[in-house]
2 protein chains.
Amino acid sequence: MNDVTAIEWLDIPAAQPDADARQAAAARQGELTKPPGALGRLEDVAIHLAALQATARPCVDRVHITVFAGDHGVAAEGVSAFPQAVTAEMVKNFARGGAAISVAARALGASLEVINLGTAFDTGPLDGVKDYRLGPGTANFTAQPAMTEHQLAQAMAAGRHAAERARLADAQLFIGGEMGIGNTTAATALACVLLDAKAESLAGPGTGLDHVGVARKVHVVQRALDLHLRSVTSAQEALRRLGGFEIAALAGSYIACAHMGLPALVDGFISSVAALAAIRLCPSADAWLLHSHASAEPGHRVVLEALDARPLLDLEMRLGEGSGAAVAVPLLRMACALHNEMATFTEASVSTQ
Amino acid sequence: MNDVTAIEWLDIPAAQPDADARQAAAARQGELTKPPGALGRLEDVAIHLAALQATARPCVDRVHITVFAGDHGVAAEGVSAFPQAVTAEMVKNFARGGAAISVAARALGASLEVINLGTAFDTGPLDGVKDYRLGPGTANFTAQPAMTEHQLAQAMAAGRHAAERARLADAQLFIGGEMGIGNTTAATALACVLLDAKAESLAGPGTGLDHVGVARKVHVVQRALDLHLRSVTSAQEALRRLGGFEIAALAGSYIACAHMGLPALVDGFISSVAALAAIRLCPSADAWLLHSHASAEPGHRVVLEALDARPLLDLEMRLGEGSGAAVAVPLLRMACALHNEMATFTEASVSTQ
C-alpha cells in the first residue's frame with residue numbers, strides 16, 4: 001500500500017537459528033539412555049531451543065511475561081459476555097497479583113509486567129503497570145479503522161520495547177499475553193483478512209457467548225470485512241484497520257524477539273493471530289515462535305493450521321493473558337532438564353542393540 | 001477361580017473422595033476472576049484433587065515416585081528392540097541419577113525409590129535400590145504362567161508397601177514407574193485378556209520394533225493367549241499368568257493408594273494396563289487414579305478408552321519409568337496454584353456480567 005507509512009524496523013530480518021547447535025542437540029538426543037524418540041515432542045522442543053539459543057544445553061529458567069491490555073471500540077456492538085469495564089478491572093487485578101497470569105508467573109518465578117495501551121476506563125496509577133495509553137480503546141472498526149497509523153506504530157513499538165526489556169533482563173524466553181474485552185472479535189476479523197476466511201469459520205464464543213451471541217459476532221465481523229476488505233492490501237493495514245492495541249503490540253513483540261534471537265512462546269487464539277500477522281510482516285520471524293496450547297476457541301485450530309503449528313498442550317483453556325503459554329513453560333523446562341542431565345548410553349554403560 | 005488363593009487385602013474398599021470438598025472447590029472455580037470454565041481441564045484437575053485430598057486447597061508439592069523393575073521370560077521370544085541386560089543396566093542408571101525419571105524427579109523435587117523385583121542380570125548392591133528379587137525375571141508365559149501365586153502376592157505386596165512408604169512420608173501424590181525389557185508384550189497380553197481384545201489390536205512397537213518385530217510380538221501374544229485364556233477366570237489369575245513383577249507391583253500400589261486415600265498419577269501404556277487390572281481387582285480404586293499422558297504406543301488409546309480416561313498430555317512419549325506422569329506433575333501443581341491463589345470476582349472488584 002503506497003498510502004500507508006511503512007514501519008521500517010519491521011523489515012529487519014530475523015536472527016538465524018544455529019544449525020550446528022541443532023545438529024549437536026539432535027545427536028545428543030540419540031545418545032541419551034532411552035529408546036530413540038521415546039521422549040517424543042520433548043526431544044523436538046529441546047533440539048529447537050538448542051538451535052534458538054545456539055547452545056548444546058538449552059535453558060528457559062528465566063522467563064519474561066508482558067501482558068498488553070487495551071479496549072476495543074467494537075465492544076459497543078455487544079460482542080462480549082463481559083462489560084468493557086472488565087479490561088481496566090483486570091489490569092488492576094494483574095497489578096494486585098490475583099489474575100491467572102499473576103499466579104502462574106509467581107509459580108514459574110517469571111517476571112511479569114503489564115502495559116496499559118488504552119483502557120476505556122481509568123485505572124488510576126498502579127504499581128507494576130506501565131501506562132502507555134494510546135486512547136480510550138480503539139475505534140469501532142465497524143465504522144472506521146480501529147487505529148490511526150500513529151497508534152499502530154506506537155502499539156507495535158510498545159511490543160518491541162517489551163521484548164527489548166526482556167532481552168536486557170537476560171530472559172531466555174518471552175511470553176506475551178493480552179487482555180481486552182472484545183479482542184476475540186478483533187482477532188477473528190483480522191484472521192479473516194489474513195487467511196481469506198469467512199467470519200463464520202473463525203468466530204467463536206470467546207469469553208462465553210451463547211449461539212445467539214456468536215451469530216451476532218459473525219454479523220459484526222462481516223460488517224467490518226465489508227467496510228475494510230477493499231482497502232487492505234498489506235498485513236500492516238489489516239492490523240491497523242481490524243486489530244487492537246494489544247494485538248499490534250504482541251505482533252511487534254514477536255518480531256522484535258525474532259530480530260534479537262529471543263524465543264517467544266505464543267499463547268492462544270488472539271496471540272496466534274498476532275503471530276500470524278507478525279509472520280506476514282516479517283516471514284523469517286517464524287522460527288522464533290514456539291506454540292504452547294490449542295485453545296477451546298474453535299477458530300484457533302484454523303489459525304494454528306495456517307501457522308503450521310502443533311502446540312504442546314490441549315487443555316481446553318480459553319483465558320488469554322498468556323496463561324496457556326505460562327502453563328506450558330514447565331514442559332519446556334522439563335525438556336531442557338532431560339536433554340541436559342540424562343546420561344548417555346556410554347556414560348551409563350547401557351547396551352543399545 | 002476357586003483354585004487360586006485370594007490376596008485378601010485387595011478386597012479392602014477404597015477410601016471415599018470428599019463430595020463436600022469437591023462441591024466447595026467447584027464453587028470456588030466459579031468465583032475466580034476468569035470466565036467460567038476458561039481454565040479448561042486445569043479446573044477439573046483442581047476440583048478432583050480437592051475431592052481426593054478432602055480440602056478446599058489441594059496441593060501436590062510432595063510427590064513420591066517408585067520405579068519397579070523386573071525382567072520377563074517372554075523376552076526370550078525376541079519381542080524387544082533391546083537385550084534383556086538393559087533392565088539391570090537401567091536399574092544402575094536409575095541409582096546413579098542418569099535416567100529420565102531420575103532427572104525428572106530431581107526437577108520436581110520428588111522423592112524417587114527404585115525396587116528391583118527380579119532382574120535377569122545381577123546389578124550388585126546399589127545405593128537407593130531396594131532388592132526385592134522374586135526370581136531372575138518371570139517365567140516365559142508362552143510356556144507356563146509368568147508367576148507363581150507366591151510371586152504374584154509378593155509383587156503386589158511390594159507395590160502396596162511402596163504406596164505405604166509414600167503415605168508415611170506424607171506424600172500428596174504417588175507415581176509408579178516401571179522398567180523391564182519385554183514388558184509391553186506382557187502388558188499387551190494382559191490387556192488382551194482383561195479387554196477381550198485381539199493381540200493385533202493392542203500390540204505395538206514398544207521400545208522400537210519394526211513391523212516384522214510387531215508381527216512377531218502379535219504371534220507371541222497370540223500363543224500366550226491360546227495357552228492361558230481358558231484358565232483365566234479372574235483378573236488376579238490374568239495378572240499371574242500374563243503379567244510381570246513390575247506390572248503386579250504397580251497394580252498393588254494403585255490399590256493401596258486407593259485404600260489409603262492417596263491420589264496416584266498413572267503413567268503410560270504399561271501403567272495403564274496395571275491400572276486396569278487394579279480396577280478389576282478393586283473397582284472403587286478408580287477415583288484415586290489420575291491419568292497423565294497418552295503414549296505413542298498405539299494400544300494405549302484402547303486401554304485409556306476402557307478406563308474412560310482422558311490424560312492431560314499427548315506428547316508422543318513412550319519411555320515408561322513413570323516419565324510421562326512426572327512430566328504432567330507441573331500441570332497438576334499449576335492447577336492447584338491457580339485454584340488456590342487467584343482472586344475471586346468479589347476480592348478483585350471485577351464485574352461479572
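In chain B, the axes of helix 10 and helix 11 (residues 269-281) come within 8 Å and cross at roughly 55 degrees. That makes helix 10 of chain B oblique to helix 11 of chain B; angles under 35 degrees count as roughly parallel, over 145 as roughly antiparallel, 65 to 115 as roughly perpendicular and the rest as oblique. The axes here are lines fitted to C-alpha atoms over the stretch in contact, with angles running from 0 to 180 degrees between N-to-C directions. Helices are DSSP runs (H or I, at least four residues), numbered from the N terminus.

Before going on: this is a predicted model, where local features need pLDDT of at least 70, side-chain atom pairs count only at pLDDT 80 or more, and totals for chains, interfaces and linings use all residues. Residues are numbered from 1 along each chain as its sequence is written, chains are lettered from A and ligands numbered from 1 in the order in which they are written, and side-chain values use heavy atoms, with hydrogens and water left out.

On the helix 10 side of chain B, the contact with helix 11 of chain B includes B:Leu250, B:Ala251 and B:Tyr254, and the helix 11 side includes B:Ile270, B:Ala274 and B:Leu281. Contact means heavy atoms within 4.5 Å.

| Helix pair (chain B) | Axes within | Crossing angle |
|---|---|---|
| Helix 5 (residues 149-168) and helix 10 (residues 245-260) | 7 Å | roughly 45 degrees |
| Helix 10 and helix 11 (residues 269-281) | 8 Å | roughly 55 degrees |

Now for the two chains. A rotation of 180 degrees with 0.0 Å of shift along its axis puts chain A onto chain B, with an RMSD of 0.0 Å. So the two copies are related as by a two-fold rotation axis. The superposition is by least squares on the C-alpha atoms of residues with pLDDT of at least 70 in both.

How many residues of chain A are in contact with chain B? There are 53, and they touch 53 residues of chain B. About 4,400 Å² is buried between the chains, with carbon and sulfur atoms giving 65%. Buried area is the accessible area (1.4 Å probe) that two parts lose on being put together, summed over both. A:Phe82, A:Leu315 and A:Met334 supply 13% of the area that chain A buries against chain B, more than any other three residues. Because 100% of the interface residues of chain A are also interface residues in chain B, the copies meet through the same surface.

Definitions and conventions
Helices (H or I, at least four residues) and strands (E, at least two) are DSSP runs, numbered from the N terminus.
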